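Q: Please take a close look at a single part of this chain. Start with the overall layout, then go through the part residue by residue.

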Amino acid sequence: MTKRDPNPALSDFLASVEKKAYRMAQLAINDREEAFDIVQDAMVSLVKRYGQKEPQQWRPLFYRILHNRIQDHYRRAKTRQMVFGWFSGQQDDDETGLLDPVNNAADATPGGSEQLKSSRAVVALDEAISQLPLRQQQAVMLRLWEGLNVAETAHAMRCSHGSVKTHYSRAISKLRETLGEHWP
């Protein structure tokens, strides 16, 4: 006998956001395993605390939880660095989170040059986004990738509408400057 999902709408919502949320977390912290844990924790928190809410409320709530988990990661890392940083005078290079070129390589199918250009643009975009300050990363990802409006983004980021607009504007300006030829 199979176990039935008590809330299929919530499961569908989580399935619809999991890849983008994982990518957001991965770009923000540059650690694949930690990003996976953060997204999983955010999903569990949404289900436990807000699963009974209206479905239209889930998206901003989920991204607020995700944002908080990313912030928590940075706080823990900062504390760890302050406490244990004096043991070694250098940063740990094992957690650079560099992009895997095999995963980002274009297929060798007809139209490969277009795919290669597209692949390079995606890699350049990922790199440019990962270089943005965290709040600007979140504003771009929530507005562009998730399609949240200013109010929903402000709710998810726990800031004012004006702050969202400022972070987003600065991020877009920096992306245009950084991406140059790859920017449409």
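A: Helices here are DSSP runs of H or I with at least four residues, strands are runs of E with at least two, and both are numbered from the N terminus. The model is predicted. By that count the protein has seven helices and zero strands. Along the sequence the pattern reads α-α-α-α-α-α-α. The protein has 184 residues, and 35% of them are buried. Take the contacts with a separation of 6 or more: 64% of these join residues 24 or more positions apart.

Now the part itself, where helix 6 meets helix 7. Helix 6 covers residues 150-157, and helix 7 covers residues 161-179. Their axes come within 8 Å. The crossing angle is roughly 95 degrees. Angles of 65 to 115 degrees count as roughly perpendicular, so helix 6 is roughly perpendicular to helix 7. Which residues of the two helices make the contact? Helix 6 brings Val150, Ala151, Thr153, Ala154 and Met157. Helix 7 brings His161, Val164, Lys165 and His167. By class, the contact residues are five nonpolar, three polar and one charged.

Next, the link between the two helices. Arg158 lies in the loop between helix 6 and helix 7. Its phi is positive, about 55 degrees, although Arg158 is not a glycine. Is Arg158 buried or exposed? Exposed counts from over 50% relative accessible area, so Arg158, at 53% relative accessibility, is exposed.

Arg64 belongs to helix 3, residues 55-84. Beyond its neighbours within four places in sequence, Arg64 is in contact with His155, Ala156 and Arg158. Arg64 is buried, yet it has no salt bridge.

Asn30 sits in the loop between helix 1 (8-29) and helix 2 (32-50). Asn30 has a positive phi near 60 degrees, and it too is a residue other than glycine. Its relative accessible area is 28%, so Asn30 is partly exposed.

To recap the part: helix 6 and helix 7 cross at roughly 95 degrees. Arg158 occupies the loop between them.

Key:
Residues are numbered from 1 along each chain as its sequence is written. This is a predicted model: local features need pLDDT of at least 70, side-chain atom pairs count only at pLDDT 80 or more; totals for chains, interfaces and linings use all residues. Side-chain values use heavy atoms; hydrogens and water are left out. Axes are lines fitted to C-alpha atoms, for helices over the stretch in contact, and angles run from 0 to 180 degrees between N-to-C directions. Angles under 35 degrees count as roughly parallel, over 145 as roughly antiparallel, 65 to 115 as roughly perpendicular and the rest as oblique. Contact means heavy atoms within 4.5 Å. Ala, Val, Leu, Ile, Met, Phe, Trp, Tyr, Cys and Pro count as nonpolar, Asp, Glu, Lys and Arg as charged, and the others, Gly among them, as polar. Buried means under 20% relative accessible area, exposed over 50%, partly exposed in between (1.4 Å probe, protein chains only). Lys and Arg count as positive and Asp and Glu as negative; His and the chain ends are not counted. A salt bridge is a side-chain nitrogen of Lys or Arg within 4 Å of a carboxyl oxygen of Asp or Glu.
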